[in-house]
Amino acid sequence: MFSKNRINPTILEVNLSALVSNFNYFRSILNPSTRIICVVKANAYGMGAYRLSKTLQNNGVSALAVAYIGEGIFLREKGIYLPIFVMNVEKYSLHEIFKYNLSPCIYDKNILDLIIIEARKQNILNYPIHLKIDTGMHRLGFCSECIPSLINILKNQNNVFVQSVFSHLAATNNPIFDDFTNKQIKLFICLSKQLEQSLKYSFQRHILNSVGIERFPNAQFDMVRLGIGLYGIYTTTLCKKIAEKTKYSIKPVAVLKARILQIKKLKKGETVGYNCNGVLNRNSYIACISIGYADGLNRRFSNQCGSVFIHGHSCHIIGDICMDTCMVDITDIKNIEVMEGDEVEIFGENIMIESLAKKLQTVPYEVLTSVSNTVKRVYVEN
Ligand SMILES: *Cc1c(COP(=O)(O)O)cnc(C)c1O
């Protein structure tokens, strides 16, 4: 009982050793000269940006990447000193880029103009920036037609210099789109050459995300941007196969755990929960557990659509999921002596985030980042 977290029945247990082991796995399949940018946006995919960044910093990571400037400032204020890419820079926050020594990813001419003006104002010379090129994702980035005017701006100043040029692939995990992906890579090579020839200096290049690392290893260039794989999630079955063949494989980093609050013996025909939606078709033992939709347990798992894992067994969710609790059917495991206070796995070793995502017709990224702030992050090492 003493090992239990007394005041937080519901926790996201984050295994830092698994994180490091996953990092080393990717390190081992990359060329030795390829540098790894670890993507810790969205609070490190929900697991806690500071603790994970600190662990990565202690284990030889080259750089980190976040989405918004506030995330970068947060890490700096906590003492993270690695380069931090800010991928979705806005024109309103350019002053802070310099103040916190962040690495801005520039995707727009207007922002480029403004960051040069800001650098000039502060007498800053040769500040490293990163250019994002749109090769087909059509999210952020300079289009091919914008490259000449971009070069023009860059050549007429010495306040910033291009440290890297990158692009993002839209469909690395789907072999159906491999022609599309290869076209993106070709266009990236072509546009970055054009930039290099005009700027007359060299810069680093990067285009791969996690799945890209496994599926398009020839497009490593100088760096890769590793996100979901680091957190032990497979986004294609192919990756899983590759991992199984090698002596390394990625391990799940996060386990979402709740506890049994109360167990009830109910009769056939009685109902469970709001709107009397959980109708019992047999005499049942029903456990109320400490997690609900406010904690990030998707309400669409109500009424047997989802299950949880208790003492080695899968147990259906009965009735509608409530805000901070839900009820599960433990009738089949009653003889195993389930008790109030026992641990319940929502996802982790036994229930794969990948399969939950599939059930919800979404991506594992969303399942992970949906674990809300009501759930305490607890860090373990083994
Ligand atoms: C989120 C993100 C990544 C990481 O992608 P994963 O699929 O999680 O590896 C890489 N690059 C950019 C630009 C991103 O936005």
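Q: Which hand does the crossing of α7 and α8 have?
A: Right-handed, meaning the near helix is turned clockwise from the far one by less than a right angle. This is a predicted model, where local features need pLDDT of at least 70, side-chain atom pairs count only at pLDDT 80 or more, and totals for chains, interfaces and linings use all residues. Residues are numbered from 1 along each chain as its sequence is written, and side-chain values use heavy atoms, without hydrogens and water.

Q: At what angle do the axes of α7 and α8 cross?
A: Roughly 30°, with the axes of α7 (residues 147-155) and α8 (residues 178-199) coming within 10 Å. That makes α7 roughly parallel to α8 (angles under 35 degrees count as such).

Q: Which residues in α7 and α8 meet?
A: From α7, I147, P148, L150, I151, L154 and K155 meet L191, Q194, L195, S198 and L199 of α8 (contact is heavy atoms within 4.5 Å). By class, eight residues of this contact are nonpolar, two polar and one charged.

Q: Switching to strands, in which sense do β4 and β5 pair?
A: Parallel, over two bridges, with β4 at residues 84-86 (pairing takes at least two DSSP bridges). V86 is opposite P104 in β5.

Q: And which way do the residues of β5 point?
A: S103 and C105 go one way, P104 and I106 the other, and all are buried (under 20% relative accessible area, 1.4 Å probe, protein chains only).

Q: Why does V20 count as buried?
A: Because its relative accessibility is 15%. V20 lies in α1 (residues 16-29). Leaving aside neighbours within four places in sequence, V20 is in contact with T55 and N59.

Methods
Axes are lines fitted to C-alpha atoms, for helices over the stretch in contact, and angles run from 0 to 180 degrees between N-to-C directions. Helices (H or I, at least four residues) and strands (E, at least two) are DSSP runs, numbered from the N terminus. Angles under 35 degrees count as roughly parallel, over 145 as roughly antiparallel, 65 to 115 as roughly perpendicular and the rest as oblique. Ala, Val, Leu, Ile, Met, Phe, Trp, Tyr, Cys and Pro count as nonpolar, Asp, Glu, Lys and Arg as charged, and the others, Gly among them, as polar. Buried means under 20% relative accessible area, exposed over 50%, partly exposed in between (1.4 Å probe, protein chains only).
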